[in-house]
Amino acid sequence: MSSPGMDGDPKPPCLPRNGLVKLPSQPNGMGTASITKGTPAAKNRPCQPPPPPSLPPPSLAAPLPRAALAGGLCPSAGLPLCGPASAPTSGPLVERPPLATDEKILNGLFWYFSACEKCVLAQVCKAWRRVLYQPKFWAGLTPVLHAKELYNILPSGEKEFVSLQGFAARGFEGFCLVGVSDLDICEFIDNYALSKKGVKAMSLKRSTITDAGLEVMLEQMQGVVRLELSGCNDFTEAGLWSSLSARITSLSVSDCINVADDAIAAISQLLPNLAELSLQAYHVTDTALAYFTARQGHSTHTLRLLSCWEITNHGVVNVVHSLPNLTALSLSGCSKVTDDGVELVAENLRKLRSLDLSWCPRITDMALEYVACDLHRLEELVLDRWAAPLLHRRCVRITDTGLSYLSTMSSLRSLYLRWCCQVQDFGLKHLLAMRSLRLLSLAGCPLLTTTGLSGLVQLQELEELELTNCPGATPELFKYFSQHLPRCLVIE
């Protein structure tokens, strides 16, 4: 989560849209693993940051072929990569490191490769691995280790924990463990020297961790400040009460069947420094949102309530009163929230930069009027973020009138209108005045025609345009966009 690109624009292997790529086997006996990008905002863009400004761009437009590197040829000039440099006509011969192992050159060159490519390049030779195994090349990436990858099977049939020396050398600050048990977590802590102080983020997915395992993990790993629990059905709310530490600033809990209102009570009482909370729990009610105190009101800036089906406008009242400093709010899938709830948000949370109202089928154009009138700092508005066409659960009541309200928002940079099935060409014309837009999604809008979509070339600052499942998006239109929006990534 691979990203579609423009026709004729080959892209090197990069992080797929779900953020996961597979690491090859390591020569030190370490099991296979994968890595995930730290932020969902990096999709459809290169995995690595640009190189330092002082470094000249390389002459390579594509990754170095492995065969060329092994053969010792400079791809740009066909010159040997190894051997002494040319000597002056007089004076002693000066020996220089071969270009293929010159660390200064390699430190600049490796910035141009994706994380997938670096994993392969690190196996070319020890010199390359030594350069690549520097933390600067892996910042923002998280290793993903499945339970079976944590052990090697010895000839005797016994299991031996793998060496994580390569991970320690690269200085990863977070780990994601998938399908692990309490015992696996204890083995990880015992065998990874940096686990107790150096690991700042832990993510457990589809794991059988219990209350006791959660308590041991957070007690032993004193550096953890970001915690994610996804699909873990063996811990209970009592486990949160016994294990949560005040040092945690970011917490994400999703698909954990034992989480309900009492979990919010534990979070509000035990995490005074909480800055970010993401919660997907079908049984959380409006009552739980009243547990937040003034302590969270000062520190919490991001709240994501995902598919909390029991939350109504009364719950929104509790949120806006308890957490007045929110800059990002998601009510995605809170299907009982109506226009009145959005009005409460717009009137009370004036600092919002991001608002997600996807999968809220009761939202109408009136809600967009409230947003446009009061949220003058809003930079991102999501009316649908997913691609599956379950129209009965989507924002199907948004029409051209709602887009006319949004057209007055000069700060809006990202607008997701996926599967807003009533939007037509006339409404699209309102968006042409929004010169601040950088990302626009119109995927699944069935009434938009080729003529209406072609007008989007007026948005010359647009960086990403999504037209998936859009009947009006024809091959001719994509060719037209490639000519008139050359800097925009158009997703078919």
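**Salt bridges**

Lysine 336 and glutamate 310 form a salt bridge in which the closest N and O atoms are 3.4 Å apart. Lysine 336 belongs to the loop between β14 (328-330) and α12, and glutamate 310 to the loop between β13 (302-305) and α11 (313-322), so the pair ties together parts that are 26 residues apart in sequence. The model is a predicted one.

*Exposure of the first pair*

- Lysine 336 is partly exposed, its relative accessible area being 34%.
- Glutamate 310 is also partly exposed, with a value of 36%.

*Further charged pairs*

- Side chains of opposite charge can pair when their charged atoms come close.
- The count of salt bridges comes to eight.
- One of them joins the side chains of aspartate 374 and arginine 350, at 3.7 Å from N to O.
- This pair links distant parts of the chain, 24 residues apart: aspartate 374 is in helix α13, whereas arginine 350 is in the loop between α12 and β15 (354-356).
- Aspartate 374 is buried, with a relative accessible area of 18%, while arginine 350 is partly exposed at 42%.
- Another salt bridge is formed by glutamate 379 and arginine 353, whose closest N and O atoms are 4.0 Å apart.
- Glutamate 379 lies in the loop between α13 and β16 (380-382) and arginine 353 in the loop between α12 and β15, so this pair ties together parts that are 26 residues apart in sequence.
- Glutamate 379 counts as partly exposed at 36% relative accessibility, and arginine 353 is partly exposed at 32%.

*How the two helices pack*

- Two packed helices are described by the angle between their axes and the distance between the axes.
- The axes of helix α12 (residues 339-348) and helix α13 (residues 365-374) cross at roughly 5° and come within 9 Å.
- Helix α12 is therefore roughly parallel to α13.
- On the α12 side, the residues in contact are Asp339, Val342, Glu343, Ala346 and Glu347; they meet Met366, Ala367, Tyr370, Val371 and Asp374 in α13.
- By class, this contact has six nonpolar and four charged residues, and no polar ones.

*The buried face of α12*

- Asp339, Gly341, Val342, Val345 and Ala346 are the buried residues of α12.
- Viewed down the axis of α12, these buried residues fall within an arc of 155°, so they line one face of the helix.
- Their packing partners are α11, β14, β15 and α13.

**Helix α17**

*Buried and exposed sides*

- An α-helix has 3.6 residues a turn, so residues three or four places apart point the same way.
- Within helix α17 (residues 475-484), Leu477, Phe478 and Phe481 are buried.
- The buried residues of α17 fall within an arc of 100° when seen down its axis, so they line one face of the helix.
- Pro475, Glu476, Lys479 and Gln483 are exposed on the other side of α17.

*Packing partners*

- The buried residues of α17 pack against the helix α16 (450-454) and the strands β19 (464-466) and β20 (489-491).

Terms used. Residues are numbered from 1 along each chain as its sequence is written. This is a predicted model: local features need pLDDT of at least 70, side-chain atom pairs count only at pLDDT 80 or more; totals for chains, interfaces and linings use all residues. Side-chain values use heavy atoms; hydrogens and water are left out. Buried means under 20% relative accessible area, exposed over 50%, partly exposed in between (1.4 Å probe, protein chains only). Helices (H or I, at least four residues) and strands (E, at least two) are DSSP runs, numbered from the N terminus. The arc is that of the directions from the helix axis to the C-beta atoms. Contact means heavy atoms within 4.5 Å. Axes are lines fitted to C-alpha atoms, for helices over the stretch in contact, and angles run from 0 to 180 degrees between N-to-C directions. Angles under 35 degrees count as roughly parallel, over 145 as roughly antiparallel, 65 to 115 as roughly perpendicular and the rest as oblique. Ala, Val, Leu, Ile, Met, Phe, Trp, Tyr, Cys and Pro count as nonpolar, Asp, Glu, Lys and Arg as charged, and the others, Gly among them, as polar.
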